[in-house]
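The sequence and the structure are shown first.

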Amino acid sequence: DYAMSDKWSWRNSLVYAQLQTNSSTIAGNEVSRDLGFEIDSAFTYKPMERFTWINEVGFLFPGSAWREGSADRANSFNFGFQSKAAISF
């Protein structure tokens with residue numbers, strides 16, 4: 001978290017995931033432990049005490065575990081954007 005001013009703040013996070021065991025099997029196939037990672041970034045604007053506006057973007061990088069297995073799923077890069085506002089009474 002970083003407070004750029006009284007009204008603006010910036011939050012970043014990094015999430016990494018992997019399977020717990022060294023050799024997992026799904027539908028009889030060996031699967032990698034690597035589930036991938038995600039980078040999230042959010043800007044928060046709070047012009048007054050009772051109003052908050054948040055814009056967030058997330059970047060998902062799926063690991064090799066999604067490609068392996070019987071379903072042969074795609075593991076390409078993906079992203080999402082979210083904007084929300086909150087008014088407190």
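In this predicted model, Phe-77 is partly exposed, with a relative accessible area of 44%. Its ring forms an aromatic pair with that of Phe-59, which is partly exposed as well, at 30%. The pair is stacked, because planes under 30 degrees apart count as such and the angle here is 15°. Phe-59 belongs to strand E6 (residues 51-62), whereas Phe-77 lies in the loop between E6 and strand E7 (78-87), so that the pair links distant parts of the chain, 18 residues apart. Ring pairs also join Phe-59 and Phe-77 to a cluster that includes Phe-37, Phe-61 and Phe-79.

In total, the structure holds six aromatic pairs. One of them is formed by Trp-8 and Tyr-45 and is tilted. It connects strand E2 (residues 8-18), which contains Trp-8, with strand E5 (residues 34-48), which contains Tyr-45, across 37 residues. Trp-8 counts as partly exposed at 36% relative accessibility, and Tyr-45 is partly exposed at 23%. The geometry of the two pairs is listed below.

| Pair | Centre to centre | Angle between planes | Class |
|---|---|---|---|
| Trp-8 and Tyr-45 | 4.8 Å | 35° | tilted |
| Phe-59 and Phe-77 | 6.1 Å | 15° | stacked |

As to the chain as a whole, there are seven strands and zero helices. Buried residues make up 13% of the 89 residues. The chain exposes about 6,700 Å², of which carbon and sulfur atoms supply 57%. Among contacts with a separation of 6 or more, 48% come from residues 24 or more positions apart.

Definitions and conventions:
Residues numbered from 1 in each chain as written. Predicted model: local features only at pLDDT ≥ 70, side-chain atom pairs only at ≥ 80, totals over all residues. Heavy atoms only, no water. Helix = DSSP H or I, 4+ residues; strand = E, 2+ residues; numbered from the N terminus. Buried < 20%, exposed > 50% of the residue type's maximum accessible area, 1.4 Å probe, protein only. Contact = heavy atoms within 4.5 Å. Areas by Shrake-Rupley, 256 points an atom, 1.4 Å probe, with all protein chains shown as cover. Phe/Tyr/Trp six-rings, centres within 6.5 Å; stacked < 30°, edge-to-face > 60°.
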